Amino acid sequence: MGDTPSRFVRALTSMELEGLARLRREHPRTLGLPAEAVLLSASRLPIPEIMRRLGVSRPTVTGWLTRFERSGLSGLEPRPRSGRPPKLTCDVLRHIAIAAGSRPRELGMDEVAWTLPTLRAYLVKAGIVSAISRESLRVALLKTGLSLKTARTRPIHKGTTTMIAAAFDYHAPGSINEATALLAKLGEEAKILSGGQSLIPLMKLRLASPRHLVDINGIPGLAFIRETDGFLRIGALTRESELEESDLIRTRYPLLHDTCKVIADPLVRNLATLGGNLAHGDPANDHPATMLALGAEVLAAGPKGKRRIPVASFFTGPFATALKPDEILVEIRVPIPPARSGGAYLKLERKVGDFATAAVAVQLMLAASGACDQVGIGLTSVGLTAIKATRAEAALKGTRPDDAAIKRAAQLAAEAAQPSEDLRGSVEYKRDMVRVLTARALRKALERAGGGR
C-alpha cells in the first residue's frame, strides 16, 4: 500500500471501533494517539490532515496505520525493544523512584549525583534487580516521571555550583484560561510551577528536565480559605504556612492543621502550596492521606471547563494523578465536619521535616449513641500511592470505639499497608508502625470528637 495522501485503512468492524474508542479513553497519553489516527483514517481523512490534527510526523502516522492493518488492535501496542524486561513491577518502580529521589551517598554509593550506570549499579547491589539494561532503566524512570542527566565532572570552585537546571522556556500566564491553553499547546513537555518546593530541586538535580515551565503564581483568585456551600474550600495556591496560621483550620479542622505543621520546615511551608503537594502525586507526601481521610475532592480546570475529582480516585500511581496534561488543579474541597467530629495526623520521621517512614490520618464523627457514624483512615508512605484503609474504616463504622475495636481497626490498617524495605525500615517494621500510629491517631481523634474517656 503506497504512502500517498489518499491512503486510508480498511473498513472497521464494530468490535474494532469499540476497542479503539476504549484505547483512546483509557490510555490518552500512550495508545490514544495511534487509536485516534486509525479512527480518523477510517473516516476518510488523508494523512496530511491526520498529521495536522495530531501534531505528529508522516512516518509516525503511516507506521501506526500499517501496524494496525497487519495485526489489528494488538499492532498498536508498544513493540518490545532489546534489553527491556518483560514487566517493570510496581515494586521495582517504587525502589527506582525512592533511589532517584535520594542522594547516592545516602544509599552507600560513592557519587555526588546519580547517573544511569550508578543507579543501575545500586539497583543490582541492593538486590532490587538481578540485572537491568540502560534502556530498561530509562523506561522505568519515564514511568515514574523522572529523568537522569549525566553529572558534571568539572571541579567545584568557590562561588559556583553544579546544581543548575537544564534550559527551559518560562511562561507566566495571567489567567486560568491562558494557562490551560498553554498546557494544551505544549503537551507533556510542560510542567506547572506553583510553590516549586518539589519541582525546583528535581530540576536542579536534573531528575526532571521540562522543556517549558508554566508559572501559575500570577493568576489571581487561587489563594483562599473559606467555608461555603457545605465545604471548606481552599485555593490551590494557598501556602502551607497560611493553613498553619489560619484560625479556621486550627479550630475546626485539627487533622489538616496537624498535617501542615509537620511538612518540611517553615522556609518550605512559606512557599509550598496545598495544590502543588497534591498534584505532585508523591506517595510520601503528607496531604494525600489526610485528604483521603477527610473525603475531599479537587477541582480541575481545563480547556473544556472544570471537573470535580474525588481524592479517592485522584492518585493513579507514583507521581501520577488523574489530571489531564492540559488541566490545572485550582481548588480543594473538604466537607464541613458535623458536630462531634475529630481528626488527627501522626507521622514517624527520621528527623524533623523528613518524609514519613509511615504516617496515618484519621477523621471520625460520633453519633449520639457514641458509635462511630463516619470514619476515614488514610496511610502515607507505605505504598505506591496514599492508601485508604477501607476495611479498617468498615470495622469501626457503627461500633463503639472501645479498646478492642481500635486494636482491630489498627491491625486491619496495617494489613492494608503495602510498604517496601528501604533505609527507613523493613516491611514488617513499617506495617507495625502503621498499626501503632493508627491506634494512637484513632484515640486522639476520638478525644477531639468528645468521645474520649
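The following exercises, each with a worked solution, concern the structure shown above.

The model is predicted: local features need pLDDT of at least 70, side-chain atom pairs count only at pLDDT 80 or more, and totals for chains, interfaces and linings use all residues. Residues are numbered from 1 along each chain as its sequence is written, and side-chain values use heavy atoms, with hydrogens and water left out.

**Exercise 1.** Determine how helix 3 and helix 4 are oriented to each other, and which residues make the contact.

*Solution.* Step 1: locate the elements. Helices (H or I, at least four residues) and strands (E, at least two) are DSSP runs, numbered from the N terminus. Helix 3 covers residues 47-54 and helix 4 covers residues 58-71.

Step 1: consider the geometry. Axes are lines fitted to C-alpha atoms, for helices over the stretch in contact, and angles run from 0 to 180 degrees between N-to-C directions. The angle between the two helices is about 110°, and their axes are 9 Å apart.

Step 2: classify the angle. Angles under 35 degrees count as roughly parallel, over 145 as roughly antiparallel, 65 to 115 as roughly perpendicular and the rest as oblique. Helix 3 and helix 4 are therefore roughly perpendicular to each other.

Step 3: identify the residues in contact (heavy atoms within 4.5 Å). Helix 3 contributes Ile47, Pro48, Ile50, Met51 and Leu54, while helix 4 contributes Arg58, Val61, Thr62, Trp64 and Leu65.

Step 4: sort them by class. Ala, Val, Leu, Ile, Met, Phe, Trp, Tyr, Cys and Pro count as nonpolar, Asp, Glu, Lys and Arg as charged, and the others, Gly among them, as polar. The contact of helix 3 with helix 4 has eight nonpolar, one polar and one charged residues.

**Exercise 2.** Describe the packing of helix 2 and helix 3.

*Solution.* Step 1: the axes of helix 2 (residues 32-42) and helix 3 come within 10 Å, crossing at roughly 145°.

Step 1: from helix 2, Leu33, Glu36, Ala37, Leu40 and Ser41 meet Ile50, Arg53 and Leu54 from helix 3. By class, this contact of helix 2 with helix 3 has five nonpolar, one polar and two charged residues.

**Exercise 3.** State whether His212 is buried or exposed, and name its polar partner.

*Solution.* Step 1: His212 belongs to strand 3 (residues 212-215).

Step 1: apply the accessibility classes. Buried means under 20% relative accessible area, exposed over 50%, partly exposed in between (1.4 Å probe, protein chains only). With a relative accessible area of 13%, His212 is buried.

Step 2: leaving aside neighbours within four places in sequence, His212 is in contact with several residues, including Phe168, His171 and Leu186. Its side chain makes a polar contact with the side chain of His171 at 3.0 Å. A polar contact is a pair of N or O atoms within 3.5 Å; within protein, one must be able to donate a hydrogen and the other to accept it, and residues adjacent in sequence count only if both atoms are side-chain atoms.
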